Amino acid sequence: MAVPKSFQFDTLSLHAGQQPDPLYGARATPIYQTTSFVFKDTDHAAALFNMERAGHVYSRISNPTCAVLEERVAALEGGIGAIAAASGQAALHLAIATLMGAGSHIVASRSLYGGSHNLLHYTLPRFGIATTFVDPREVDAFRTAIRPNTRLIFGETLGNPGLDVLDVPRVAAVAHDAGLPLLVDSTFTTPYLMRPFELGADLLYHSATKFLGGHGVAIGGVLVDSGKFDWEASGKFPPLSEPYDGFHGMVFDEESTVAAFLLRARREGLRDFGACMSPTNAFHILQGIETLPLRMQRHIENTRKIVAFLAGHAAVESVIYPELPDHPDHALAHKLLPKGCGAVFSFAVRGGRPAGRRFIDTLHVFSHLANVGDAKSLVIHPASTTHYRMDEAALRATGIGEGTIRLSIGLEDADDLIEDLSRALHASQKA
Amino acid sequence: MELQIQGKRAYVYTAGHAIDPALPAVAFIHGGEQDHSAWALQSRYFAYHRYNVLAPDLPGHGRSPGPALASIAAMAGWVIGAMDGAGVKQAAIVGHSMGSLVALELAVRYPSRVAKIALLGISAPMPVAEPLLDAARADDHAALDMINVWSFSSRAQIGGNTAPGLWMLGMNLRLLERQAPGVLYVDFKACHDYVGADAAASIQCSALVIAGSRDQMTPPRATHEFVKRLPHAQTVTLEGSGHALMAEQPDAVLDALIGFL
């Protein structure tokens with residue numbers, strides 16, 4: 001008997017989570033730009049508030065447009081559901097705040113987006129949550145850093161900015177041996193390049209601002225649950241396995257065997273912290289996801305051409321991209337990221353900071369700004385922008401030099417991008 | 001709550017409420033390879049509307065240790081044990097798929113303990129295709145994939161869940177994967193071997209049958225054939241729904257149950 005197939009990735013990118021509007025038949029997902037939703041009667045209202053019926057009450061907690069985005073990303077990731085948040089940072093905070101409180105501890109990769117590093121290193125300690133940072137290439141370092149109060153293992157699928165490939169299966173095994181979940185930031189890879197749940201991750205999030213949207217017009221984050229982690233068996237997560245006075249004594253993992261985390265994150269995290277996504281932003285990000293497979297193919301195609309160009313250029317000291325044979329994670333990337341290693345990478349221009357400045361100032365097609373994953377090609381100097389809070393030693397530890405340039409390769413004609421880079425590299429070498 | 005049933009620990013969802021002897025009771029019996037949470041959007045409502053709710057995890061499912069019970073009759077006897085353990089003399093029994101056969105068996109064998117029955121996604125007999133049984137016997141993940149796709153209408157496979165942000169296919173697959181190896185085969189074999197449908201004619205309590213017009217697991221035609229043998233039955237057909245009625249159309253299922261109970 002043939003195993004029946006569910007819908008494939010490209011189809012889900014266009015359709016998952018949305019039925020044509022039942023009132024007017026609108027094919028596109030309508031923007032439900034409303035704060036609140038009318039109850040049918042008082043019993044209906046009470047039932048919605050008490051989770052006796054499903055539906056929408058107030059757009060901070062849930063909204064039909066956001067719900068389409070949540071289902072779509074969950075479907076693409078092979079998860080059970082998702083929560084749309086105000087930003088990628090809001091999604092990360094929502095995950096942490098749902099799982100733990102003061103006195104808890106996180107083990108995180110030290111190769112993180114600067115904003116995530118700020119949250120873990122500077123801000124969360126003020127709320128009693130400490131983090132130990134480890135080299136993501138040292139899987140045993142995750143294990144040895146785990147303490148009795150550790151509640152989460154965290155890393156990026158492709159580390160920032162050195163493109164360290166997280167060995168998700170092995171790090172997940174370390175986490176699971178300790179009864180802990182693995183959360184990954186999948187922003188750089190998107191579900192098109194990697195589906196971390198199939199490799200062992202338990203939770204993931206995206207800065208949907210980047211490749212999921214692709215257009216650079218909307219800030220947003222999406223937190224996705226695999227539904228695989230057994231919170232009850234772990235015994236380390238009272239927020240999910242003990243009665244919650246803030247919701248009629250609900251025990252979330254009794255209420256839902258597989259969706260306890262998402263229930264608590266929505267019913268407490270969105271309710272109390274309030275970092276929800278606006279319906280209009282959800283709409284914009286949905287428009288991006290419709291073309292995600294096509295865009296990612298082109299991102300990778302262009303990136304490979306530009307990596308090859310830079311790797312052979314006399315003004316370039318080094319290029320950091322896992323598909324290059326000299327990258328420390330080359331073999332791992334081949335295994336975990338066969339479709340490509342993303343479209344964000346760094347290289348070092350000869351001549352240090354002055355040369356880097358001349359390079360950036362000469363570019364015309366590349367835009368100098370603090371973002372990645374846009375359809376348009378972007379460039380930035382991490383040491384003076386995204387990682388400016390780090391001292392020289394910390395910068396070195398994350399693989400950033402003073403001359404490091406980060407590129408986000410867009411969808412333009414690759415020849416135009418190469419010509420732009422060629423001109424800027426030439427200018428960078430003029431004293 | 002946790003109970004000792006037939007000498008073994010078992011989990012029964014009550015929405016955290018203690019049993020109140022003054023209130024009527026309703027028991028929700030899940031289908032094969034599932035647990036109590038399949039009823040999340042129905043059981044909680046009744047628990048907050050003056051009912052005692054018992055939504056057990058059958059042995060070997062969810063939080064109740066195994067082994068899984070090998071026959072529908074054994075499951076019915078176990079549910080009576082759960083009612084005894086909770087101090088419930090009589091209950092309305094709501095069952096889905098395999099659970100609907102358990103409800104049927106309870107109404108036949110323990111009429112004094114059953115106030116009403118609601119049967120969702122039922123056909124009786126409930127044959128399971130040999131290739132699916134073989135895959136289940138081998139603990140082949142393909143069996144779960146087959147069930148998952150066949151449990152939902154093609155419309156629901158696109159999504160648009162009533163419960164915000166939850167992807168129905170993913171939720172159902174993960175719940176199937178949570179059950180221990182071997183349980184699916186025991187459940188399916190119990191359904192496949194069930195021969196108690198002929199006794200349905202003897203049932204005196206009122207019955208509600210809820211069918212999905214797009215059900216591929218227990219097709220509406222098979223459901224309607226069975227209903228002919230069931231006296232005192234009313235049928236509600238949910239247009240467009242597949243076998244996973246409680247997930248696909250939770251409000252319609254709940255409204256039908258509210259009207260019936």
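This report walks through a predicted model with a chain A and a chain B, going from overall build to a few strands in detail.

## Chain A as a whole

Let's start with chain A. Its secondary structure comes to 19 helices and twelve strands. The radius of gyration of chain A is 22 Å, close to the 22 Å that the globule rule gives for 431 residues, so chain A is as compact as a globular protein of that length. Along the principal axes, its C-alpha atoms fill a box of roughly 75 × 55 × 50 Å.

How many of the residues of chain A count as buried? Of the 431 residues, 54% do. If you look at contacts in chain A between residues at least 6 apart in sequence, 72% of them join residues at least 24 apart.

## Two domains in chain A

Chain A is divided into domain 1, covering 9–289, and domain 2, covering 292–428. The C-alpha centres of these two domains of chain A lie 29 Å apart. Where they meet, 31 residues of domain 1 of chain A are in contact with 36 residues of domain 2 of chain A.

## A sheet with a helix on it

Now find the open sheet of five strands in chain A, with the order 8-9-12-11-10 and mixed pairing. Strand 8 (316–320) and strand 10 (367–368) of chain A stand at the edges with a single partner strand each, so one side of each has no neighbour in the sheet.

Further in, strand 9 (residues 344–349) and strand 12 (residues 404–408) of chain A pair in the antiparallel sense over five bridges. Within this pair, Phe345(A) has Leu407(A) in strand 12 as its bridge partner. Helix 17 (residues 352–362) of chain A packs on the sheet, where it touches strand 9, strand 10, strand 11 (378–380) and strand 12. The direction of helix 17 makes about 125 degrees with that of strand 9 of chain A.

## Chain B as a whole

Next comes chain B, whose secondary structure comes to ten helices and eight strands. A compact globule with 261 residues would have a radius of gyration near 18 Å, and the 17 Å of chain B agrees with this. The C-alpha atoms of chain B fill a box of roughly 45 × 40 × 35 Å along the principal axes.

Of the 261 residues of chain B, 59% count as buried. Among contacts in chain B between residues at least 6 apart in sequence, 76% join residues at least 24 apart.

## An enclosed strand in chain B

Is strand 4 (residues 52–56) of chain B buried or exposed? Five of its five residues are buried, so strand 4 is largely enclosed by the rest of the structure. In a regular strand, side chains alternate between the two faces of the sheet. Here Asn52(B), Leu54(B) and Pro56(B) point one way, while Val53(B) and Ala55(B) point the other way.

Strand 4 of chain B also has partners to look for. Strand 2 (residues 8–13) of chain B runs antiparallel to strand 4, joined by two bridges, and Tyr13(B) has Ala55(B) as its bridge partner. Strand 3 (residues 25–29) of chain B runs parallel to strand 4, joined by three bridges, and Ala27(B) stands opposite Leu54(B).

Definitions and conventions
Residues are numbered from 1 along each chain as its sequence is written. Chains are lettered from A and ligands numbered from 1 in the order in which they are written. This is a predicted model: local features need pLDDT of at least 70, side-chain atom pairs count only at pLDDT 80 or more; totals for chains, interfaces and linings use all residues. Helices (H or I, at least four residues) and strands (E, at least two) are DSSP runs, numbered from the N terminus. The radius of gyration is taken over C-alpha atoms; the globule rule is 2.2 Å times the number of residues to the power 0.38. A residue is buried if 20 or more other C-beta atoms lie within 10 Å of its own, exposed if 12 or fewer, and partly exposed in between; C-beta atoms are placed from the backbone. Two residues are in contact if their C-beta atoms, placed from the backbone, lie within 7 Å. Two strands pair if DSSP finds at least two bridges between them. Axes are lines fitted to C-alpha atoms, for helices over the stretch in contact, and angles run from 0 to 180 degrees between N-to-C directions. Domain bounds come from an automatic or database domain assignment.
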